[in-house]
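Colleague: Can you walk me through this one? I'd like to start with the rings, then move on to pockets.

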Amino acid sequence: MSINTDQINKIRTENGFIAALDQSGGSTPKALAAYGVNADAYSNDAEMFDLVHEMRTRIMTSPAFTGDRLIGAILFEMTMDREVEGKGTADYLWDVKNVVPFLKVDKGLADEKDGAQVMKPMPDLADLLVRAKAKNVFGTKMRSVIKTSNPTGVDAVVDQQFEIGNQIVAADLVPIIEPEVDIKSPDKSGAEELLLKALMKHLDQLGEGKLVMLKLTLPEVDNFYKPCIDHPNVLKVVALSGGYSREEANQRLARQNGMVASFSRALSEGLSAQQSDEEFNKTLDAAIESIYQASRT
């Protein structure tokens, strides 16, 4: 099995951004609440995940959500395992919408140590990667968080990301490596300097033909991650919104040449379960258009 070259070319060459539709257990209630579905609307996790799948399905099936402005979408594991309009979600995204499917594979964050949070262990990762490949998923995403400019913490995050990233590459998938720098970090620019140094060291060790993607916090210094964008092993560098409003995230993103969005909260901002389909599609269309334009610089 090999990676889909049409999908590689779409990610590499086409204009557009990645929709992050991968809120998981801990963040699902917040995502639903922001969408106008409060906790009294469900009585257990199964009902909660049914409701969030309805929300994601509404986004994915909207006429605003197409490969004309989106190059990819990141799915939660339970979303990958479900169907949209009678097709497996990953197949629906690619076959119907021309949007490349990715899967969130991390199991959340460990407790903070040395000013950072590495990922919790992923004992079932090998099996999950086999399932993802069988369901025609293109790549994966996994998130860690850097909170301070502590070299030990930054190195621990990046070392772990690339160790697992290499396992994902070996499974014929493209990993999105996401070492988020907290936007509230007391020394955000200092943390970013340490992060860039660690990223470049690991990228230079990857070996010819091994492709990864990076998902990074919008930096304090414009075009700071250009060395990553230009690296031959990097298929794409995408930006997380990190808690910035859509307006601020778009403004920051528009100043980063060659970096595109991978927004979650900033994408769904303003969407509501109470909206008519016309209102919902209009709101989503405006959000997608603004993020698309910010990603075209």
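**Rings and pockets**

Modeller: A search of the whole structure turns up four aromatic pairs. Rings of Phe, Tyr and Trp (its six-membered ring) pair if their centres lie within 6.5 Å; planes under 30 degrees apart are stacked, over 60 edge-to-face, the rest tilted. This is a predicted model: local features need pLDDT of at least 70, side-chain atom pairs count only at pLDDT 80 or more, and totals for chains, interfaces and linings use all residues. Residues are numbered from 1 along each chain as its sequence is written, and side-chain values use heavy atoms, with hydrogens and water left out.

Colleague: How do Phe 49 and Phe 76 pair up?

Modeller: They are stacked, 5.6 Å centre to centre, with 25 degrees between the planes.

Colleague: Buried or exposed, those two, Phe 49 and Phe 76?

Modeller: Phe 49 and Phe 76 are both buried. Buried means under 20% relative accessible area, exposed over 50%, partly exposed in between (1.4 Å probe, protein chains only).

Colleague: And what about Phe 102 and Phe 138?

Modeller: That pair is edge-to-face: 5.5 Å centre to centre, 85 degrees between the planes. Phe 102 counts as buried because its relative accessibility is 0%.

Colleague: Which ring does the charged end of Arg 58 sit over?

Modeller: The ring of Phe 280, 4.1 Å from its centre. The cut-offs: NZ of Lys or CZ of Arg within 6 Å of the ring centre and within 35 degrees of the ring normal.

Colleague: New topic. How do the residues lining the largest pocket divide?

Modeller: Into 12 nonpolar, 13 polar and 16 charged. Ala, Val, Leu, Ile, Met, Phe, Trp, Tyr, Cys and Pro count as nonpolar, Asp, Glu, Lys and Arg as charged, and the others, Gly among them, as polar. A pocket, on a 1 Å grid over the protein atoms alone, is an open set of points where a 1.4 Å probe fits, with protein on both sides within 12 Å along at least five of seven lines; lining residues have an atom within 4 Å of a point.
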